[in-house]
Amino acid sequence: MRLVPATAAALLASTALVAAGDAAPTLPELLGAIRAHEWAAFGLNVGVVVFGVVTAIGLLRTRASAAAAARQARREINELRLALDRSAELLTLDPHVVVVWGGDRDEPEIAGDVPLVTDLPVARRVLAFGSWLPADRAAELERAVDTLRSAGTPFRLDVVSQAGRPVEAEGRPIGGRAVLRLRLVGGVREELVQLRAGHDALVRETATIRSFLGALSLPVWLRDAEGRITWVNTAYAAATDAADGARAVAAGNELLDPADRNEAARCRSARTPFARRVAAVAAGQRRIFDVIETPAGAGSAGIAVDVTELETVRSELSVEMETHKRTLDQLATAVAIFDAGKRLVFNNEAFRQLWDLEPAFLHQAPTDGDILDRLRERRLLPEQSNYREWKKTLHRVYEAVDTEPRILEWPLPDGRFLRVVQNPDPAGGVTYVFEDLTQRLQLETQVQALGRVQRETIDNLDEAVAVFGSDGRLSLSNRAFAALWELDDKVLEGRPKIDQIASLCLPYVRDGGILSDIRAAVTALADERRQRTFRIERTDGSVLDTGTAPLPGGATLVTFRNVTNMVMVQLALTERNEALESAAKLRNDFVHHVSYQLRTPLTTIIGFAQVLDDPSIGPLNDKQREYLGYIGASSASLLSIINDVLDLATIDAGVMELELGEVDIRATIQAAVDAVRDRITENQIRIETRIARDIGTFRADAQRVRQVLFNLLSNAIGFSDRGGLVVLDAAREGEEIVFKVRDQGAGIAPDMVGRMFERFETRSTGTRHRGAGLGLSIVQSFVQLHRGRIEVETAPGSGTQVKVIFPAHLEDFSKAAE
C-alpha cells in the first residue's frame with residue numbers, strides 16, 4: 001500500500017510531461033491541462049497497477065500457507081507411516097488372515113497367512129468357508145459375514161476347521177469398510193474352543209438321538225440315578241395316555257406293572273440289564289412288550305418293543321401249521337417230508353394208502369432209503385436194471401445247491417402211472433409229492449376223443465364259427481366259416497391273424513368299420529372283454545348276425561349266422577306295425593275331434609230342451625212334452641257316450657291324471673246310487689248296499705271311483721229283470737278296499753267273459769240293456785290307473801258278480817295311462 005502514492009505520482013508526472021513537453025508548469029496547471037480521456041487512461045492504469053499489486057500479495061501469502069501445509073502433511077505422513085509400521089509389526093506377531101470389503105470394487109482385499117485356514121495357496125479360497133469348515137459352521141459364518149456387509153453388524157465366532165485347528169473369526173465395520181479377521185488361537189483359548197466344539201457336537205448328537213428316539217413308534221424312556229423318569233418319547237406318552245412327553249414326565253407315568261417295575265429297580269441297583277417279556281396296558285389296550293432297560297452312566301435307558309402281533313402271528317402260525325397238516329391229510333395227493341438226515345418227519349393219509357405202508361413202520365421215522373427198499377421188495381417201484389445207481393441218483397437232491405423241484409415219472413408194474421415231484425428244502429430236507437396220473441391219462445384220452453367229436457360237430461354246423469387265440473391268431477374254424485367268406489384251406493391252416501382275416505373278408509361287406517369293431521373285440525384287453533353283437537350287410541344282399549364271446553385263456557369265439565330271411569320278415573312286420581300305429585292314431589284323433597265337435601251342439605240341444613220344458617216359456621201339450629222327454633233322454637244318453645269316448649281318448653293319449661285324496665266310501669257309494677235312482681225307478685229294481693262299519697276312507701280319485709261304481713250299477717241294472725235285486729257290497733280286507741256288485745240277471749256266457757271289458761263290446765240280446773259298450777272298458781281303465789284289479793264271477797242263469805279291488809294306501813303319483 002505504501003507503493004500506491006509513489007506510483008500515482010509517477011504516472012501523473014509522465015502524463016504531464018507528455019502533454020506539456022519540456023516546460024515545467026505548476027501543479028494546478030498540470031491538473032487543468034489534463035483532458036477527460038487522459039483522466040480515464042490514468043484511472044485504468046491505476047486500477048491495473050493496484051490489481052497486480054494485490055494479486056502479487058495474495059500469491060505470496062498462498063505460497064507461504066501451502067509451504068506450511070506441505071510441511072504439516074509431511075509430518076503427518078511420517079507419523080502415519082510410523083504407526084503403520086508399528087501396526088504391521090504387531091500384526092505379524094500373531095498369525096492371521098484379514099479380508100476387507102469396501103470402496104467401489106466388489107472384490108475384497110485379502111492379506112495375511114492364507115495357509116492358516118486352507119491348504120491351497122489361493123487367497124480367494126479363504127472365502128469358500130465350506131471348503132475348510134464343517135457345513136453348519138460354514139453356513140453360520142456366511143450369514144454373519146452377509147449381515148456385517150449389509151448392516152454393519154459386528155460378530156465374533158469360535159470355529160474349528162476341518163483340519164482340527166481352532167480359529168477365531170471376528171468381523172466389524174472400520175472406516176466404512178467391512179473387515180473380517182481370521183486367526184488361530186492357542187493355549188487356554190484353544191482348549192476352550194476345542195471343548196466348546198466338542199460340546200456343540202455332543203449337543204447336536206444328543207439332539208439327533210433324542211429326535212430319532214422321539215420319532216420311534218416304540219416307547220423309550222430315560223431315568224436318573226434315583227430311578228425317576230427324566231425323558232420319554234411320544235410313543236411312551238401315548239401309551240401312558242399323556243398329552244405329550246413333558247406331561248408324562250411331570251406326572252411320573254409308568255408303563256410297566258408294579259411287579260415288573262420292582263424287578264427293573266432291582267436290576268438297576270445291581271447294575272445289570274433288565275430284559276423280560278411283559279404284559280402291560282398301553283393306550284387302553286392290553287399289549288405284550290419285550291422290555292430292555294440298561295444302566296447307563298448315572299441313570300438308565302429303556303425301550304419296549306410291542307410283540308403283540310408277533311405273538312398273535314406265532315399262535316396263528318402254530319394253528320395254521322396244524323391246519324395244514326390236517327389239510328394235507330385230506331388231500332388225495334400223497335405227500336411225504338424228509339429232513340436233512342433223510343428221515344421221515346411227516347406223511348399224510350394219501351401217502352400211506354398209495355403205498356399201503358403200516359402206520360407202525362412210518363411212526364419209526366424210517367429213512368428215505370428204507371422206504372424205497374421196502375417198496376422195491378413189494379414190486380411197487382419202476383423196474384430198474386441198476387437199482388443202487390438209480391437210488392443214488394434219486395438221493396442227489398439232498399445235496400443240491402439250488403431249490404428247484406425235480407419232476408420224475410414212475411410207471412409202476414401194477415399199471416399205475418405216477419408223477420413224482422422232489423422239492424428240496426433250503427435246510428437240507430426234501431418234500432416228495434406223488435400224484436397218481438392214471439385216471440388223468442385216461443381222462444385225457446377221453447377228452448381227445450371228445451374233442452374230435454366236437455370238431456366234427458362244429459364242422460357240420462350251418463352257423464359259421466371261428467375261434468381266435470389270445471395272440472389274435474385263428475385257432476379253430478369250421479367249414480361253414482371258410483365257405484361263407486370263401487377262404488382257402490391253406491390260408492386257414494397257417495393260423496392267420498385277425499387282421500389278415502378281416503382284410504380277406506373286406507370285399508364282401510358294405511361297411512368295413514364293422515370288421516374293425518370285430519377285430520377290436522378279439523384283441524381287447526382282459527378288463528374290456530365282453531360279449532358283443534354286430535349286424536353285417538354283405539354286398540350280395542344277405543345279412544349276418546355276428547357275435548363275439550370271450551373264452552378262457554384269452555381266446556375269443558366269433559359266430560356268423562345268416563338272418564336274411566328273418567330280417568325280411570322283421571322289416572315287413574315293422575312296416576305293418578307302423579301302418580297299424582298310424583291307423584290307430586288317426587282313429588284316436590278322429591274320435592277325439594268328432595267327440596268334441598258333437599258335444600258342443602249336443603249341449604246346446606239339451607239346454608234348449610230344458611228351456612222348452614220350463615212352464616215359464618209357454619205351455620206344451622202332452623204330445624210335445626212326451627217328444628221333449630224323448631229328446632232329453634236321448635241327448636243325455638248321447639252325452640254320456642261322448643263323455644265315455646272322451647275319457648277313453650284321454651286315457652289312450654296318456655294324459656289322464658288322478659287327483660288323489662281321502663275318499664269317504666259311504667258318501668261315494670251314496671252318490672253313485674243317487675245317480676242311478678231314475679233308472680232304478682224306471683225298471684223297478686231294488687238296490688241293497690252292504691257297507692262294513694269300519695270301512696272308513698281310502699286314498700284315491702273320488703270322481704273316478706264314483707264313476708266306476710256308477711258304471712257297474714248301470715250295467716247291473718241294465719242286465720236285471722224288472723223287479724230284480726242289485727247288491728253293492730263294500731269292505732276292507734287287509735290293505736285293500738273291495739267293492740262287489742251282484743245282479744240276478746241271466747249271467748254271461750263263458751265265451752263272453754274274456755271280451756266283456758273290450759271297447760264297444762255289448763251284449764243286449766235277451767235284455768233291456770242298451771249302450772255303446774264303453775262302460776266296462778272305462779271301469780277297467782280307471783281301476784288299472786289306481787293299480788287295482790277286477791274279478792268277474794258269473795254263470796248262465798245265475799247272475800253276475802263284478803269285484804273291484806283298490807289298494808287302501810295308494811302312493812302319491814300322477815301318472816297318465818299308457
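**Close-up views of a predicted model**

**Overview of the whole protein.** The protein holds 26 helices and 27 strands, where helices (H or I, at least four residues) and strands (E, at least two) are DSSP runs numbered from the N terminus. This is a predicted model, in which local features need pLDDT of at least 70, side-chain atom pairs count only at pLDDT 80 or more, and totals for chains, interfaces and linings use all residues. Residues are numbered from 1 along each chain as its sequence is written, and side-chain values use heavy atoms, with hydrogens and water left out. Of the 818 residues of the protein, 33% count as buried, meaning under 20% relative accessible area with a 1.4 Å probe, protein chains only.

**An open sheet of five strands.** The strands follow the order E7-E6-E10-E9-E8 with antiparallel pairing, two strands being paired if DSSP finds at least two bridges between them. Strand E7 (229-232) and strand E8 (274-282) are the edge strands, each pairing on one side only. From one strand to the next, the twist averages 25°, with angles running from 0 to 180 degrees between N-to-C directions of axes, which are lines fitted to C-alpha atoms, for helices over the stretch in contact.

**The pairing of E6 with E7.** Strand E6 (residues 220-223) and E7 pair in the antiparallel sense over three bridges, and Leu222 stands opposite Trp231 in E7.

**Two helices and the sheet.** Helix H9 (residues 258-269) packs on the sheet and touches E6, E8, strand E9 (285-296) and strand E10 (299-306), contact meaning heavy atoms within 4.5 Å; the direction of H9 makes about 150° with that of E8. Helix H10 (residues 308-330) lies across E8, E9 and E10, and runs at about 120° to E9.

Notes
Buried means under 20% relative accessible area, exposed over 50%, partly exposed in between (1.4 Å probe, protein chains only).
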